[in-house]
Amino acid sequence: MRITAVTCVKNEGPFLLEWIAFNRCIGVTDFLFYSNDCTDATDRLLDRLETHGVVAHLPNPATNRNYQMQALKAARRHPLVKQADWVWIADVDEFLNIHTGDHTIPALIDACQNPQAISVTFQFMANNGVEDYVDAPVITQFLHSHNPDIWGADTAIEVKSLVRSDFPTEYFGAHRPFHDDEKAKPKWTDGSGRQVPPPFRKAAGKRRIRAFPARDARRFATLNHYALRSLDSYLVKNDRGDVNREHRAFDDSYWRERNDPAYFDNSILRYEPPLRREMARLMALEGIADLHAEAVTLHKAKRDALLAQDSYQQMRTQLRNAPPFSDAETAILKELAGA
């Protein structure tokens with residue numbers, strides 16, 4: 001089975017090897033990376049991995065700031081996608097945690113009875129007080145999340161999708177495939193092997209629906225989303241997405257919405273032994289360990305440069321002290337307290 005992972009990256013250098021190794025452990029056979037504007041050795045590390053036959057790496061073809069969608073449009077024409085049995089579109093902070101069989105993508109496909117697409121529900125893994133960046137597998141550091149069935153005040157939670165080659169795809173979205181025939185009824189399941197809800201399936205090209213009710217949707221798989229990681233890494237991520245931070249007030253809502261640590265879940269640690277072995281194998285390839293070490297050094301240097309700015313010192317303090325609840329959840333809690 002050929003399974004191609006497609007992803008877009010910018011300054012993810014310290015985290016690349018873990019993500020690639022993890023996906024190799026769950027059955028991904030091919031990787032197609034698009035990168036843009038990297039300053040932390042991400043692009044050079046991917047180039048070196050490409051020389052070893054581990055990944056394919058291309059510059060992002062975007063002509064505007066819509067990097068992901070333009071890359072996904074181009075990806076459909078790439079041989080690694082055209083030749084794939086399945087395509088897995090995900091980000092480098094997302095890890096597919098499979099609960100069935102031998103915990104691989106083929107086992108998930110079997111459990112879902114070989115549908116044409118599988119949309120797996122996010123579980124947002126909290127920062128839970130981890131401040132310092134350390135060069136260690138992300139999946140071992142963050143083991144708490146929100147209640148899996150409820151995210152803040154929402155019972156519908158976003159998904160990412162595995163897509164079989166015969167799905168009637170008009171185009172790939174970041175979260176789900178889209179088709180142009182509203183009457184089409186592809187066999188399309190959630191992470192429990194149930195047909196996805198009709199409103200989600202029928203979105204076709206008209207509405208970009210990317211969520212459905214999460215209750216009982218993760219029997220066979222969960223998508224662990226490490227959107228925050230350490231506080232250090234979140235500051236660097238924030239700078240990557242906003243070069244004008246010195247001149248803007250900081251909104252901590254994204255952090256708060258993903259930092260509820262009420263639920264403990266260490267099931268993904270089943271992958272730690274094979275993950276570490278695969279990471280060691282990749283590190284042993286010529287030039288890879290040095291480029292990974294450079295990416296780590298540059299990540300830390302960026303953190304230090306940011307913390308030399310008063311605005312980032314204030315941001316760090318604000319995030320450290322922020323309650324782990326979204327605004328909507330906070331309003332509900334206040335209402336209950338006053339009842």
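Notes on the model. I am working from a predicted model, where local features need pLDDT of at least 70 and side-chain atom pairs count only at pLDDT 80 or more, while totals for chains, interfaces and linings use all residues. I number residues from 1 along each chain as its sequence is written, and side-chain values use heavy atoms, with hydrogens and water left out.

Entry on the α5–β6 loop. I placed Q113 in the loop between α5 and β6 (helices are DSSP runs of H or I with at least four residues, strands runs of E with at least two, numbered from the N terminus). I noted a positive phi of about 65 degrees for Q113, although it is not a glycine. P115 is in the loop between α5 (105-111) and β6 (117-124). I found P115 buried, with a relative accessible area of 0%. I listed what P115 touches, leaving out residues up to four places away in sequence: W86, I109, R164, K187, W188 and T189 (contact means heavy atoms within 4.5 Å).

Entry on D216. I found another positive phi in a residue other than glycine, near 65 degrees, at D216. D216 sits in the loop between β12 (211-213) and β13 (221-225).

Entry on the cores. I looked up the largest nonpolar core and got 55 residues, with W19, I20, F33, L49, L96, I105 and L108 having the most contacts inside it (a nonpolar core is a set of buried Ala, Val, Leu, Ile, Met, Phe, Trp, Tyr and Cys residues joined through side-chain atoms within 4.5 Å). Helix α1 (residues 16-25) gives the most to this core, with 6 residues. Apart from it I found another core, of 27 residues, including L72 and F172.

Entry on the rings. I counted 15 aromatic pairs in the whole structure (ring centres of Phe, Tyr and Trp, the last by its six-membered ring, within 6.5 Å; planes under 30 degrees apart are stacked, over 60 edge-to-face, the rest tilted). W19 and F33 form an edge-to-face pair, at 5.9 Å centre to centre and 80 degrees between the planes. W19 lies in helix α1 and F33 in strand β2 (residues 30-35), so the pair ties together parts 14 residues apart in sequence.

Methods
Buried < 20%, exposed > 50% of the residue type's maximum accessible area, 1.4 Å probe, protein only.
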